[in-house]
Amino acid sequence: MTLIPEFQAHRVFVEPWTTELGSHGLMALVTFLVGATCGLIGNFLILRRMALVGDAISHSVLPGIALAFLITGSRGIGAMVLGAMVAAWLTHGLIELISRHSRLKQDAAIGIAFSTLFAIGVVLIAVFADKVDLDQDCVLNGELPMIPLEPPVRLGGWVLGPPPLLRLVGVLVVSLVLLVTFYKELLITSFDPGLAACLGIRVGAIHHGLMLWLAMVVVASFEAVGAILVIALLILPGATASLLTDRMVPRLAWTTVHAALSAISGMHLSVALDCSPAGATVVAGAGWFCVVWLFSPTEGLIPRAWCLRRGSVDSRLRSPELRQHNESP
Amino acid sequence: MGLGCAVLLASAFSAQAAKIGDLTQTRWTEQAWRFVTLSDPVVRYACLGTLLLGISCGLLGSFLVVRRMALLGDALSHAVLPGVALGFLWNLEKDPLAIFIGALLAGLAGSATVSILTRTTRLKEDTALGMVLASFFGLGLCLMSMFQRLPTGNKSGIETFLFGQAAALGPGDIQVMGAVTLVVVGLLGLGYKEFLLVSFDPGFARVLALPTVWFERLLVMLLAFAVVSALQAVGVVLVSAMLIIPAATASLLTDRFHRVLVWSSCLGMISGLSGAFLSFLGTRLPTGPFMVLSASLLFALALLFSPRQGIVPRWYRQRSQRVRIERENTLKAIYQVLESDGFASETITVAALTARRRLALAAVEAEIRSLVAVEFATASRDRVALTPSGWLRACAIVRNHRLWELYLTHAAQIAPDHVHDDAEKIEHVLGEAMVRELERRLPRIDTDPHGRPIPSLPASMAGAHLGAGGAGDRPVGYGGRT
């Protein structure tokens with residue numbers, strides 16, 4: 001058996017959409033839903049320079065999820081979300097406690113808080129391995145291949161799909177509703193918290209709400225891609241979109257496009273190489289980011305180098321160095 | 001080690017603690033005994049490895065924490081995973097040197113990508129770190145899942161690299177770790193002054209024509225060395241915690257950077273050993289999380305009880321200072337009541353004091369009790385009198401207040417009706433040296449701007465109330481603060 005399976009175009013490109021639609025197609029749909037949901041909130045995390053808070057929360061929900069399993073003995077979504085939200089709040093509180101009451105800065109506080117909670121989670125899972133229906137592999141990789149095997153939910157003759165898929169659809173709908181309802185508030189608090197406070201928007205409440213929303217998204221994604229790769233799907237789509245456009249609404253649209261592209265190409269990659277589907281989705285997403293990084297009309301390395309060689313003033317005005325120079329007071 | 005002994009002792013009595021032992025084939029008390037006596041080569045390698053890891057991670061982590069680059073350690077440690085997988089693929093077995101080289105290259109590629117991303121795009125550093133962390137880690141997971149399909153894949157122990165297994169350390173690992181620790185200690189020792197300068201004041205370092213960029217690259221390189229050599233024992237996921245937590249704990253314990261380095265490597269060694277011990281009690285327990293939990297426990301203790309920075313000692317100091325200030329305000333009020341009738345009587349009524357303090361009667365009575373407790377006053381049923389020591393301290397505080405008012409009107413040209421509030425604050429913290437300085441600078445120190453006499457003190461008593469430690473006594477601006 002070789003490391004890389006022989007490449008068969010039919011198996012890689014056709015079968016996932018025909019005979020294997022129920023497994024591979026479904027997996028691609030799940031990763032698309034996760035990517036789109038995470039990408040929406042990820043845009044705001046990037047704007048607020050809280051990308052690593054997303055990282056921290058995605059690690060630290062683990063003990064909450066593990067404890068919920070231990071206490072209820074089942075994979076009830078309610079207990080899991082509750083446990084994870086408590087853990088997310090705890091992380092947030094610990095970060096505040098450490099950075100407020102000691103000379104340590106926020107980065108060290110984030111590092112300490114999430115690694116401690118993650119360690120507690122791993123210890124719980126390792127020590128009570130026989131009682132918890134989670135293993136260390138699931139923590140890292142998620143259980144994407146298991147999702148198509150779960151018995152689908154039926155509603156009066158209609159096959160709706162396996163429960164995790166429905167949960168993800170639910171979370172995506174909730175996220176869209178939240179986004180549409182609080183779009184203005186989110187936008188203003190992200191770009192100019194001072195102005196938001198002047199306008200009477202409660203910046204702190206929006207911040208805490210965002211954290212809760214993040215906890216919900218992370219828990220729903222945990223099952224699909226595991227604790228660590230959530231951070232990839234939180235950041236990659238938003239970062240890619242930010243290289244393509246300056247406006248927020250197109251940015252959100254590009255985020256969804258990126259999520260769809262990485263879900264589909266990741267699925268093909270994982271079929272071709274027979275490797276972990278979650279990992280392949282992330283690799284594909286990073287690949288699409290690299291493509292945009294190189295070729296984006298406004299920000300891409302190659303178009304910019306091309307314009308610079310032609311000596312266009314416009315391109316120099318757009319260079320990040322100059323923009324940073326202009327932004328700094 | 002102390003933690004280990006405590007667990008060992010507890011095991012003799014507690015029955016419900018045997019939950020960890022449920023998983024083991026051998027009884028965990030026997031495992032503990034095996035660990036403590038170091039009778040087994042596996043145990044000796046594990047101990048040696050975790051000690052070396054503690055030193056190198058502790059030293060480099062201190063630089064990360066003071067430079068606010070803690071999350072670079074996190075990104076770097078996740079980014080090495082594809083390198084580890086490629087190192088395994090090199091000859092399809094666990095070869096410490098191949099894994100070391102692969103992981104080192106991946107780590108350096110990761111940190112280079114972060115710096116290229118932040119330089120050539122609008123993305124901020126945190127986003128770049130998160131992207132590199134996750135993308136490299138995803139690539140590593142892909143490679144690992146491909147690797148596990150090979151017939152040898154499942155037996156190779158590549159999983160132990162995710163969460164760490166100190167018991168899997170072999171002589172080859174120890175050699176690599178020893179060499180890395182030597183290089184780290186040696187280079188940091190040789191260039192200590194330069195590293196310190198570059199970390200604390202890069203601007204000044206550039207003025208001195210030090211190649212700061214190269215020092216930073218060297219630091220990232222050493223960091224990658226330390227992360228990679230620690231992988232087998234703590235695992236990819238949690239190695240950043242072993243960089244950050246001991247160093248953060250150390251920076252809570254001391255101000256001087258060389259002491260931070262020493263503390264941090266000691267704490268790293270302690271948490272490494274206790275993590276190895278705890279994970280050794282069961283058969284399938286990973287080492288990394290236990291190490292991190294020991295380190296976090298030490299951090300929590302330092303955060304709460306560190307003598308200078310700890311939350312509890314600081315709260316206690318603030319509280320005792322508040323009590324002192326309240327006490328001094330009451331003394332001052334008693335003095336003012338005595339002054340208002342021209343020092344005709346030795347005692348004043350509680351009612352007069354209450355009126356002067358503008359507080360509730362119960363609060364004033366509590367303050368009188370507190371003064372009596374430290375023998376500054378004696379109280380009868382409704383009258384209060386100062387003892388000689390209380391009288392001196394009352395004089396000192398009133399003198400501080402009026403000297404400062406005088407100074408503000410005389411030297412700073414502030415109107416006499418604007419100086420009271422400022423003096424009200426400064427009277428509690430004027431040090432002896434400051435009082436001397438005021439006396440020297442002011443032409444006459446008998447009357448304050450409001451026309452009341454400034455009480456004089458015996459020479460030995462000026463500023464003597466500052467026994468509780470005011471800010472004025474402390475040297476200002478000492479170097480090397482972290």
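How many C-beta neighbours inside 10 Å does A:D274 have?

**View 1. A:D274 in a loop of chain A.** A:D274 counts as partly exposed because it has 13 C-beta neighbours inside 10 Å. (Buried takes 20 or more other C-beta atoms within 10 Å, exposed 12 or fewer, and partly exposed lies in between; C-beta atoms are placed from the backbone.) The loop runs between α11 (248-273) and α12 (277-295) of chain A. Helices are DSSP runs of H or I with at least four residues, numbered from the N terminus. Phi of A:D274 is positive, near 55°, and the residue is not a glycine. Most residues other than glycine have a negative phi. The model is predicted: local features need pLDDT of at least 70, side-chain atom pairs count only at pLDDT 80 or more, and totals for chains, interfaces and linings use all residues. Residues are numbered from 1 along each chain as its sequence is written, and chains are lettered from A and ligands numbered from 1 in the order written.

**View 2. B:R68 in a loop of chain B.** This loop joins α3 (41-66) and α4 (70-79) of chain B. B:R68 is not a glycine, yet its phi is positive, about 55°. With 13 other C-beta atoms within 10 Å, B:R68 is partly exposed.

**View 3. Chain A against chain B.** Here 52 residues of chain A are in contact with 53 residues of chain B (contact: C-beta atoms, placed from the backbone, within 7 Å). Helices that each supply at least two residues of the chain A side include α3 (51-72), α4 (77-101) and α10 (203-242). The largest share, 13 residues, comes from α5(A). The chain A side divides into 35 nonpolar, 10 polar and 7 charged residues. Nonpolar means Ala, Val, Leu, Ile, Met, Phe, Trp, Tyr, Cys and Pro; charged means Asp, Glu, Lys and Arg; the others, Gly among them, are polar.

Note on methods
Contact = placed C-beta atoms within 7 Å.
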